[in-house]
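Visitor: I would like a guided walk through this model, please. Could you take my questions one at a time?

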Amino acid sequence: MINGSANERGCTFTALSEVGKPLQEQGIETEIIQLGKQAYRDCIGCMACKKLDNKCVFDDDIVNRIIEKARQSDGFVFGSPVYFAHPSGRLLSVLNRVFFAGGKVFAFKPGAAVVSARRAGTSAAIDVINKYFNYARMPVVSSSYWNMVHGNTPAEVMQDEEGLQTMRNLGQNMAWLLNTIENDRQKGRLPPENEFA
């Protein structure tokens with residue numbers, strides 16, 4: 001899980017932690033990677049990553065570490081606070097570079113977007129994050145409602161009973177899909193090979 005908030009244990013962290021509970025109950029290991037308060041450069045389209053075996057040419061931040069973790073991970077949850085009906089700029093800059101340089105390592109691994117907001121802009125922010133999954137050929141994991149929580153503080157998020165229920169259901173759905181994919185893999189059923197122009 002990647003927390004695109006600058007606040008280490010804020011509302012987005014609270015939502016991601018709730019998603020992790022049913023995953024952990026089913027024996028699925030989780031980790032929250034915190035992007036923190038630092039600034040991240042965006043992709044500059046230099047194309048050097050195409051010569052570096054799915055690595056970004058800039059090796060001075062977390063991007064290549066995320067790509068390396070993605071090679072070993074089976075599923076992903078990207079979380080963000082909502083800023084002006086959009087995910088955080090730091091998360092988008094990281095995702096632009098991660099998916100452009102290392103998009104191949106995400107293919108056919110389930111992904112979910114989680115957002116937190118005081119009030120509105122959540123469905124637009126979820127839509128932006130989901131577009132990365134669609135481009136990378138990732139199954140998109142849904143819940144029983146849109147993957148959002150509401151509150152201005154973690155304590156307020158903990159009062160959003162429907163939002164927390166949605167996060168737990170998302171974790172259950174992610175666990176089910178991960179287990180289904182693993183069962184298929186053990187039976188020799190592999191992802192399809194797609195055509196590319």
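Predicted model: local features only at pLDDT ≥ 70, side-chain atom pairs only at ≥ 80, totals over all residues.

Guide: Happy to! Residues are numbered from 1 along each chain as its sequence is written, and side-chain values use heavy atoms, with hydrogens and water left out.

Visitor: Is Pro87 buried or exposed?
Guide: The classes rest on relative accessible area: under 20% is buried, over 50% is exposed, and partly exposed is in between (1.4 Å probe, protein chains only). Pro87 has a relative accessible area of 3%, so Pro87 is buried.

Visitor: Which residues does Pro87 touch, not counting residues up to four places away in sequence?
Guide: Contact here means heavy atoms within 4.5 Å. For comparison, Ser73 is 14 residues from Pro87 in sequence and 23 Å away in space, C-alpha to C-alpha. With residues up to four places away set aside, the residues that Pro87 touches are Ser80, Pro81, Leu92, Ala125, Val128 and Ile129.

Visitor: What is the strand order of the open sheet?
Guide: Two strands pair if DSSP finds at least two bridges between them. The sheet has five strands with parallel pairing, in the order S2-S1-S3-S4-S5. Pairing on one side only marks the edge strands, S2 and S5.

Visitor: How many bridges join S3 to S4?
Guide: On its other pairing, with S1, S3 runs parallel over two bridges, and there Asn3 has Gly79 as its bridge partner. Towards S4, Val77 stands opposite Ala112. S3 and S4 also run parallel, and the number of bridges joining them is six.

Visitor: Which residues of S3 point one way, and which the other way?
Guide: In a regular strand the side chains alternate between the two faces of the sheet. S3 is mostly covered, with six of its six residues buried. Phe76, Phe78 and Ser80 point one way, and the other way point Val77, Gly79 and Pro81.

Visitor: Where does Ser116 lie, and is it buried or exposed?
Guide: Ser116 touches Cys11, Thr12, Ser80, Pro81, Val82 and Val149, not counting residues up to four places away in sequence. Ser116 lies in strand S4. Its relative accessible area is 5%, so Ser116 is buried.

Visitor: Which residue in S5 stands opposite Val115?
Guide: Strand S4 (residues 111-117) runs parallel to S5, and three bridges join them. In S5, the residue opposite Val115 is Met148.

Visitor: What angle does the direction of helix H1 make with that of S3?
Guide: Axes are lines fitted to C-alpha atoms, for helices over the stretch in contact, and angles run from 0 to 180 degrees between N-to-C directions. Helix H1 (residues 11-25) packs on the sheet, touching S1 (2-3), S3, S4 and S5. The angle between the directions of H1 and S3 is about 155°.

Visitor: Are H3 and H4 roughly parallel or roughly antiparallel?
Guide: Angles under 35 degrees count as roughly parallel, over 145 as roughly antiparallel, 65 to 115 as roughly perpendicular and the rest as oblique. The axes of H3 and H4 come within 11 Å and cross at roughly 10°. That angle makes H3 and H4 roughly parallel.

Visitor: How many residues of the contact of H3 with H4 are nonpolar?
Guide: From H3 come Leu91, Leu92, Leu95, Asn96 and Phe99, and from H4 come Val128, Ile129 and Tyr132. Ala, Val, Leu, Ile, Met, Phe, Trp, Tyr, Cys and Pro count as nonpolar, Asp, Glu, Lys and Arg as charged, and the others, Gly among them, as polar. One residue of the contact is polar and none is charged, while the nonpolar ones number seven.

Note on methods: Helix = DSSP H or I, 4+ residues; strand = E, 2+ residues; numbered from the N terminus.
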